[in-house]
Amino acid sequence: MTWLVTGGAGYIGAHVVRAMVASGHDVVVLDDLSTGDAARLPAGVPLITGSTLERPLLDATLREHAVTGVLHIAAKKQVGESVQEPLRYYRENVEGLRVVLEAAAEAGVRSFLFSSSAAVYGMPDVELVTEDTPCEPMSPYGETKLVGEWLVRAVGRAHGIGTVSLRYFNVAGAATAELGDPGVFNLIPMVFERLDAGEPPRIFGDDYPTPDGTCVRDYIHVADVAEAHVAAVRRLTDAADGSTDLVLNIGRGEGVSVREILDAISEVTGLDATGVVTPRRAGDPARVVASADRIARELGWKARFDVSDMITSAWSAWRSRR
């Protein structure tokens, strides 16, 4: 069984590809390399350079590599950018997914795994976010992920394709230094960038209804995210009759505040990451923490790494590029 991984040369995608190969799966990668890097891929993994919007390229890839399962990670993923460029995000994330699904269905693919996001929930007012928590996305990015889940489920049911959608929470860390996240869009790399510049990290608001007044999030190591994909692939492979129809959170079920992250960064790096308080950012919910019960029950998966592991590995990757 060969799996096509779209976006497989990106930060998360490359971790997933390596975990898939380590588990004995045959993999082919499709990536436009807009944010991906071919050097991240293990030796021997074929790379097809191109877009998910290129139907002839998809058809040829599915046929020539005898693909029987698709793992769709390719997407634009910056919330703020999506607000400024909604048409681009809907084209890349929704139309790109539609083209991949259409090609997969016509090629007789029997398994489809979709990379979704906790952004589908918006600002949930609950202690733990379950998969049944109402979805009210607050950005075009979150909307495209929710629409994507609907589309994946509908196509799966119509064509007898087993489907799993995985909702990532706050992904961090690196399995190895060369696989670190090169972007500076999430809290931990944003703090590293400020420390390198000799500037205090920014805390966007300290008056939230949380124990220390700063936002609380569920951070998950990217290596754990990769293993969750392997577990989902195993489930889809074992039930190749198209009966699988799951939407699952990927999180640790543990909330960590911004101040707690800064304290942990100070401990790992030996630098002062105390931070300076600035005004709140529009749309930031006070607390978003996953319930990971369903994924444990359905896939037998549980996160192994803690926040210290994430920061230590992320810092090592960050320093290796400097």
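The buried residues of helix α1 pack against strands β1 (2–6), β2 (26–31), β4 (67–72), β6 (162–168) and β7 (170–172), and against helix α7 (222–238). This is a predicted model. The protein has 10 helices and 14 strands. F192, W315 and W318 form one aromatic cluster.

**Helix α1**

- Helix α1 covers residues 11–22.
- Nine of the 12 residues of α1 are buried, so the helix is mostly covered; buried means under 20% relative accessible area.
- The buried set is Y11, I12, G13, A14, H15, V16, V17, A19 and M20.
- At 1.5 Å a residue, α1 should span 16 Å. Its end C-alpha atoms lie 17 Å apart, which agrees.

**Aromatic pairs**

- A pair of aromatic rings is described by the distance of the centres and the angle of the planes.
- Rings pair here if their centres lie within 6.5 Å. By this rule there are three aromatic pairs.
- F192 and W315 have ring centres 4.8 Å apart and planes at 65°. The pair is therefore edge-to-face, as the angle is over 60 degrees.
- F192 sits in helix α6 (residues 187–196) and W315 in helix α10 (residues 307–320). The pair therefore ties together parts that are 123 residues apart in sequence.
- Both F192 and W315 are buried.
- F192 also pairs with W318, at 5.8 Å centre to centre and 55° between the planes. This pair is tilted.
- The F192–W318 pair again links helix α6 with helix α10, across 126 residues.
- W318 is buried, as is F192.

**A charge over a ring**

- R280 lies over the face of Y208. The distance from the ring centre is 3.8 Å.

**Overall shape and packing**

- The C-alpha trace spans about 55 × 40 × 40 Å along its principal axes.
- Of the 322 residues, 54% are buried.
- Among contacts with a separation of 6 or more, 78% come from residues 24 or more positions apart.
- The protein exposes about 13,600 Å². Carbon and sulfur atoms supply 50% of that area.

Key
Residues are numbered from 1 along each chain as its sequence is written. This is a predicted model: local features need pLDDT of at least 70, side-chain atom pairs count only at pLDDT 80 or more; totals for chains, interfaces and linings use all residues. Side-chain values use heavy atoms; hydrogens and water are left out. Rings of Phe, Tyr and Trp (its six-membered ring) pair if their centres lie within 6.5 Å; planes under 30 degrees apart count as stacked, over 60 as edge-to-face and the rest as tilted. Helices (H or I, at least four residues) and strands (E, at least two) are DSSP runs, numbered from the N terminus. Buried means under 20% relative accessible area, exposed over 50%, partly exposed in between (1.4 Å probe, protein chains only). A charge sits over a ring if NZ of Lys or CZ of Arg is within 6 Å of the ring centre and within 35 degrees of the ring normal. Contact means heavy atoms within 4.5 Å. Accessible areas come from the Shrake-Rupley method with a 1.4 Å probe; for residues, only the protein chains shown count as cover. The expected span of a helix is 1.5 Å times one less than its number of residues.
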